[in-house]
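Me: Can you walk me through this one? I'd like to begin with the ligand and then turn to the helices.
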Amino acid sequence: MTHYEAIVIGAGVAGIYQIKRLADLGIEATVLEAGGDLGGTWYWNRYPGARFDSESYTYGYSFSRDLLDEWHWKEHFSGQPENLRYLNHVAAKFGLRKYMQFNCRVDAAHYDEAQNLWRVRVGDGRELTCRFLILTLGLLSMPTLPRVEGIESFKGRSFHTFHWPQEPVDMTGKRVAVIGTGATGIQVIGEIADKVGDLTVFQRRPNWSAPLNNAPISEAEMADIRRRYDEIFAACARSPGGFVHEPDRRGFYEVSREERLALWDKLYDEPGFGIWLANFREIFMDEKANAEISEYIADRIRRRVKDPKIAEKLIPRDHGFGVQRVPMETRYFEAYNQPNVHLVDISETPLVRITETGLRTTERDYEFDIIVYATGFDAITGAFDKIDIRGVGGEALADKWRTTISTYLGMMVHGFPNMLMPAGPQSGSASTNYPRGIETGVNWCTDFLEHVWAKGYTRFEATEAAEKRWTDHVTGMYAMMLMRKAKSWFTGYNSNVPGHEQGTIRYLVYNGGAPKYVGIINAAAANGYTDVVLGTGGASSQALPDREPLARSSS
Ligand SMILES: Cc1cc2nc3c(=O)[nH]c(=O)nc-3n(C[C@H](O)[C@H](O)[C@H](O)COP(=O)(O)OP(=O)(O)OC[C@H]3O[C@@H](n4cnc5c(N)ncnc54)[C@H](O)[C@@H]3O)c2cc1C
């Protein structure tokens, strides 16, 4: 049996940085990754149009000046191939591959109380053990297909966007269906509309969406970005979302409607999330303010879509603009002006089944060569639920989190000792520019482990009271936000996942903003981690290399 001091599960942005920190400390650790290689989100999602909605230079890691100085982002919002190249570059530069094991899906992780260690079972039948289990599973890494019969019967090609083939898919002249108009559907539709023969979009509920306004980054611009990196990351640290976009601090009602319109005209044509995050803060909390910005965005859609009936179908009615993460688009609305693009409203004529040749709605049969499932993810907790994680007394994490979830700072769970989630549910990542939250979380968890090692502890567990306090705080934050009313992954809604249908709100993300989150977790550390019970149990832990390394069996 192979034993490690720490096992990290998942080799995405979070797992890569986590293993870097552990390797720097000389900790015996490995990363287990289900995929065939590293990269997480950017390894899996190879569909046409997959790209950042974060400014590329705010997405990259900030921990190495060298890395910042040598990497040239080619576009303001970089695409999947470049993003994957970047993560490979990081792994090569810091020699991280040797710590990673690919094609290793973890099926189970059980805490062994007697030995005070985690027993981790991998899909290939191996069992590994570790003192500390670090879950960097991704919050959007468990794809979901629609709950419709016949998916296996289709004789053409079909794939979920997450499982897009690694080799290019020739769509020239093909009849293509895209099911779903969330963030992924919006990206893929805009990209392929003029490359396929015929495209039919099956939409159940439209999403608000605004232009990405992407552009290349020249050598001169990149040189300027490099000079400004400190300033850029400082802006990210100040802003609630961890982006360069900071809210307009003027009161919505303190300025005239003309001034509001002028701001929106400017933001709509600017790159990135400005129209969402550099807006007035009231749009997130005040129904009237939200209705006004929603009507503004609806008008912009009407101006871009020629057929008024189609335009109205593309305008959401069940939620306001910005109450869930806003998908950014490129040529999305214009796609519907093309004669080869058709919109089917499956809220009116629901999907009945997938057939051998296409799909059937309550109205008619459609024939396709390719079906694309852009049906999103069992978000936030999906990858956690998929692993049989058991803590003290054999309690299953999936059971503990069945109706709603509870964590301590989004990074620990009471009853699950020696387990950390640097970018977990209720942490600072999900509602922000992820890598900024990820770096914060990984740094906090690693500093915490250093404390544990330095003091000679071998066991830690967040108290029940501290977990309740944090979860109440997370829940309280929802009360202020209109997003609590939206059917989205912020509220744990997914009609394709049994038990996560409407009516079961789950408080999955932290909405207090990045600066507040960082303040709270830093205070917890400065107070000496008093919310965490530290102790000993099992064999002693690995000492840090500068204090007599402890040999571990690896047989
Ligand atoms: C298409 C798309 C675009 C996005 N764009 C942005 C953006 O512009 N800005 C932004 O901030 N965020 C964006 N995100 C969110 C994105 O997920 C994060 O930015 C970031 O990549 C998360 O990194 P991670 O390491 O936490 O998770 P992931 O990148 O999801 O990596 C998790 C890894 O864990 C592995 N894993 C899961 N379960 C197991 C298991 N049981 N055993 C072994 N391995 C397992 C997965 O295979 C995966 O490789 C986007 C997401 C998607 C899907």
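Me: Which residues come nearest to the ligand?
Reply: Of the 35 residues around the ligand, those that come nearest are Glu33, Asp53, Ser54, Tyr59 and Tyr434, where being around it takes a heavy atom within 4 Å. This is a predicted model, in which local features need pLDDT of at least 70 and side-chain atom pairs count only at pLDDT 80 or more, while totals for chains, interfaces and linings use all residues. Residues are numbered from 1 along each chain as its sequence is written, and side-chain values use heavy atoms, with hydrogens and water left out.

Me: And what lies 2.6 Å from a nitrogen atom of the ligand?
Reply: That is a polar side-chain atom of Ser54, a polar contact being a pair of N or O atoms within 3.5 Å. A polar side-chain atom of Thr41 lies 2.8 Å from an oxygen atom of the ligand.

Me: How much of the ligand's accessible area does the protein cover?
Reply: The protein covers 96% of the 980 Å² that the ligand has on its own, with areas from the Shrake-Rupley method and a 1.4 Å probe.

Me: Switching topic, how do H17 and H18 cross?
Reply: The axes of helix H17 (residues 464-480) and helix H18 (residues 514-526) come within 14 Å and cross at roughly 170 degrees, axes being lines fitted to C-alpha atoms over the stretch in contact, with angles from 0 to 180 degrees between N-to-C directions; helices are DSSP runs of H or I with at least four residues. H17 and H18 are therefore roughly antiparallel to each other, a term for angles over 145 degrees.

Me: Which residues make the contact?
Reply: Trp470, His473 and Met477 of H17 meet Lys516, Tyr517 and Ile520 of H18, contact meaning heavy atoms within 4.5 Å.

Conventions: Polar contact = N/O pair within 3.5 Å; in protein donor to acceptor, adjacent residues only side chain to side chain. Helix = DSSP H or I, 4+ residues; strand = E, 2+ residues; numbered from the N terminus. Parallel < 35°, antiparallel > 145°, perpendicular 65-115°, else oblique.
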